[in-house]
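Trainee: I am new to this structure and would like to go through it step by step. Could you show it to me before I begin with my questions?

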Amino acid sequence: MRRWLIMGVLVLAAGGCGGGTGTAAPPPAVNERWESCDRVVADDQRTTRLDDSFQATSAVICPRPMIIARPSASAVPAGPGRQSSDVAALVAALRLPDEEPTDGPCTLIMITPPWIALIDAQGRWIHPGVPVDACGKPRAEVMDAAAKLIPE
């Protein structure tokens, strides 16, 4: 038993869990046709990091469905999204890397990023992952770009 534990530690120390292999990240998971926020927000929780292979021409910011805390209740539909074709700042922010985690203090405030769909010229779409700051919260650049993209 101890031998397996030591081997596991050595494998981890050597980067045996996928780190440092030199392989590129997989391309974004592209969905065929954008329909509406109601159809995808509750069902599609897959995110993908945005790279240069997907060229967004518009973005939709969808409201998140509300979960009502009653035994017989289900999620309230997400509702219509807000769409814009001025996506350069949002796309640039979504392409930022995650920051290195901090050893310093972080707030306990939970920040939920907006649910974003990026759509290309063919109507295909992706739900991009949001880069995080040193405390594991969505990067401020993404939150600011999303807020400026489609103000309330």
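Trainee: Which hand does the disulfide link of Cys37 and Cys62 have?

Mentor: Bear in mind that this is a predicted model, in which a disulfide joins Cys37 to Cys62 with an S to S distance of 1.9 Å. The pair links distant parts of the chain, with Cys37 in helix H2 and Cys62 in strand S1, 25 residues apart. The angle about the S-S bond is -75°, and the link of Cys37 and Cys62 is left-handed.

Trainee: What is the order of the strands in the open sheet of 4 strands?

Mentor: The edge strands are S4 (82-84) and S6 (125-126), each of which pairs on one side only. Strand S5, residues 115-120, pairs with S6 in the antiparallel sense over 2 bridges, and the bridge partner of Leu118 in S6 is Ile126. With antiparallel pairing, the order is S4-S1-S5-S6.

Trainee: Why is the ring pair of Trp34 and Trp125 called edge-to-face?

Mentor: A search of the whole structure finds 2 aromatic pairs, and in one of them the ring centres of Trp34 and Trp125 are 5.3 Å apart. Planes over 60 degrees apart count as edge-to-face. The planes of Trp34 and Trp125 are at 85°, so the pair is edge-to-face.

Trainee: Which residues do the ring pairs link into a cluster?

Mentor: Trp115 and Trp125 form a tilted aromatic pair, 6.2 Å centre to centre with 50° between the planes, and both of these residues are buried. Trp34 is buried as well. The ring pairs link into a cluster Trp34, Trp115 and Trp125.

Trainee: Which residues of the largest nonpolar core touch the most other members?

Mentor: The core has 17 residues, and S1 (56-62), H3 (88-94), S5 and H4 (140-149) each supply at least two of its residues. Those that touch the most other members are Leu50, Ala59, Leu90, Leu94, Leu118 and Val142.

Terms used. Residues are numbered from 1 along each chain as its sequence is written. This is a predicted model: local features need pLDDT of at least 70, side-chain atom pairs count only at pLDDT 80 or more; totals for chains, interfaces and linings use all residues. Side-chain values use heavy atoms; hydrogens and water are left out. Two strands pair if DSSP finds at least two bridges between them. A nonpolar core is a set of buried Ala, Val, Leu, Ile, Met, Phe, Trp, Tyr and Cys residues joined through side-chain atoms within 4.5 Å. Buried means under 20% relative accessible area, exposed over 50%, partly exposed in between (1.4 Å probe, protein chains only). Rings of Phe, Tyr and Trp (its six-membered ring) pair if their centres lie within 6.5 Å; planes under 30 degrees apart count as stacked, over 60 as edge-to-face and the rest as tilted. A disulfide is a pair of cysteine sulfur atoms within 2.5 Å.
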